[in-house]
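Open the model in your viewer and keep the selection panel at hand.

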Amino acid sequence: MKISSYISSASAGWRIFPNAFDYIIMLVWVSVSQLIVVGCGMLMGLRLPDLAAVASADADISLTAELDTARTLMLVYAPSMLLSIGGILLYRRLRGGRGRTVRFSVAGFNPALILWGVVWMLATDIVIEPLLMLLPPIPDTVGRGFFALSVTVLVAPVCEEVLCRGIVLESLRAKYGVISAWIFSSLFFAVIHGQITSMVNALVLGSILGYICIRSRSIFSAILLHAINNALALTMISFGLGDSTFSSMMPDERIRYTVYGVSLLICIIGLADLVSGLRRERLAEKAE
């Protein structure tokens, strides 16, 4: 009797959105949305940028290619993300998804938490740099100029946070609880970035953003932190420091090791804060 009851319960749970199949469908749809937008764009005369020209030794050719890359990115990225979000919302509705879609709350805007998030992100960037250096370099698919700034600092943070820390996290949270939602929304965020080095970097960043979103009970803080992170990265690229490493910018070994040690300590404190914070959220869920 108990076994049949367990099987019946598991079967009922599998039918409730989201299950593993739904998770895969959402991931695939993000990629399909990009292909649809690129395909439609090419049929309408869209010319894909020459990424090889971005690395040209000729400054004029490189700048022209970067501007063209940024313009193409704006034409492709924004529509594809809107298509991804719209399609997943429709799929969620058809599958009977429960819970919130996105948590918007101005009351969740906490300046101290934002500052802590910035410090934590910077420290993490320094700590994981040795790992990222072992992986293939991230190609410059962002470009330069107004369109690059618009996509990386405005469009991407809003769209990706609404999708990952909004729809995906909240859907998972309604069924599995806060910890599973935090883990799998972070993995979702990593996978949609495609390239292996970007995925590793996005997994770490997504873990921090997911926790900040959960702790603040609002997506606004995650959007702002995401925008700050992208703005810093774009600034480095704009000043020709995109390929620079922390080690190369800190030639003095004593200073370098001191900064690395402090960064590692910050990451340990952040991890402890994350574990205790998620535990509190889990207890709060059980009490509801």
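An axis here is a line fitted to C-alpha atoms, for helices over the stretch in contact, and angles run from 0 to 180 degrees between N-to-C directions. This is a predicted model.

**Stop 1: H4 and H6**

Select residues 59-94, helix H4, and residues 146-176, helix H6. Their axes come within 10 Å and cross at roughly 15°. Angles under 35 degrees count as roughly parallel, so H4 is roughly parallel to H6. The crossing of H4 past H6 is left-handed.

Now show the side chains in the contact. On H4, pick Ala70, Arg71, Leu73, Met74, Tyr77, Ala78, Met81, Ile85, Ile88, Leu89 and Arg92. On H6, pick Phe147, Ala148, Ser150, Val151, Val155, Ala156, Cys159, Glu160, Val162, Leu163, Ile167 and Ser171. Color by class: the contact of H4 with H6 has 18 nonpolar, 2 polar and 3 charged residues.

**Stop 2: Thr141**

Go to the loop between H5 and H6 and select Thr141. Is Thr141 buried or partly exposed? Its relative accessibility is 39%, so Thr141 counts as partly exposed. Show its neighbors next. Leaving out residues up to four places away in sequence, Thr141 touches Leu51, Thr69 and Leu73. Leu73 is also one of the H4 residues in the contact with H6. Then draw a C-alpha to C-alpha distance from Thr141 to Asp68: they are 10 Å apart in space and 73 residues apart in sequence.

**Stop 3: H7 and H8**

Select H7, residues 178-191, and H8, residues 196-216. At what angle do the axes of H7 and H8 cross? They cross at roughly 145° and come within 8 Å. The crossing of H7 and H8 is right-handed.

From H7, the contact takes Val178, Trp182, Ser186, Leu187, Phe189, Ala190 and Val191. From H8, it takes Met199, Ala202, Leu203, Leu205, Gly206, Ser207, Gly210, Tyr211 and Ile214. By class, the contact of H7 with H8 has 12 nonpolar, 4 polar and no charged residues.

**Stop 4: H9**

Finish with helix H9, residues 219-238. H9 has 20 residues and reaches 28 Å from its first C-alpha to its last, close to the 28 Å expected at 1.5 Å a residue. Highlight its buried residues: Ile219, Ser221, Ala222, Ile223, Leu225, His226, Ala227, Asn229, Asn230 and Leu234.

Conventions
Residues are numbered from 1 along each chain as its sequence is written. This is a predicted model: local features need pLDDT of at least 70, side-chain atom pairs count only at pLDDT 80 or more; totals for chains, interfaces and linings use all residues. Side-chain values use heavy atoms; hydrogens and water are left out. Helices (H or I, at least four residues) and strands (E, at least two) are DSSP runs, numbered from the N terminus. Angles under 35 degrees count as roughly parallel, over 145 as roughly antiparallel, 65 to 115 as roughly perpendicular and the rest as oblique. A crossing is left-handed if the near helix is turned anticlockwise from the far one by less than a right angle, and right-handed if clockwise. Contact means heavy atoms within 4.5 Å. Ala, Val, Leu, Ile, Met, Phe, Trp, Tyr, Cys and Pro count as nonpolar, Asp, Glu, Lys and Arg as charged, and the others, Gly among them, as polar. The expected span of a helix is 1.5 Å times one less than its number of residues. Buried means under 20% relative accessible area, exposed over 50%, partly exposed in between (1.4 Å probe, protein chains only).
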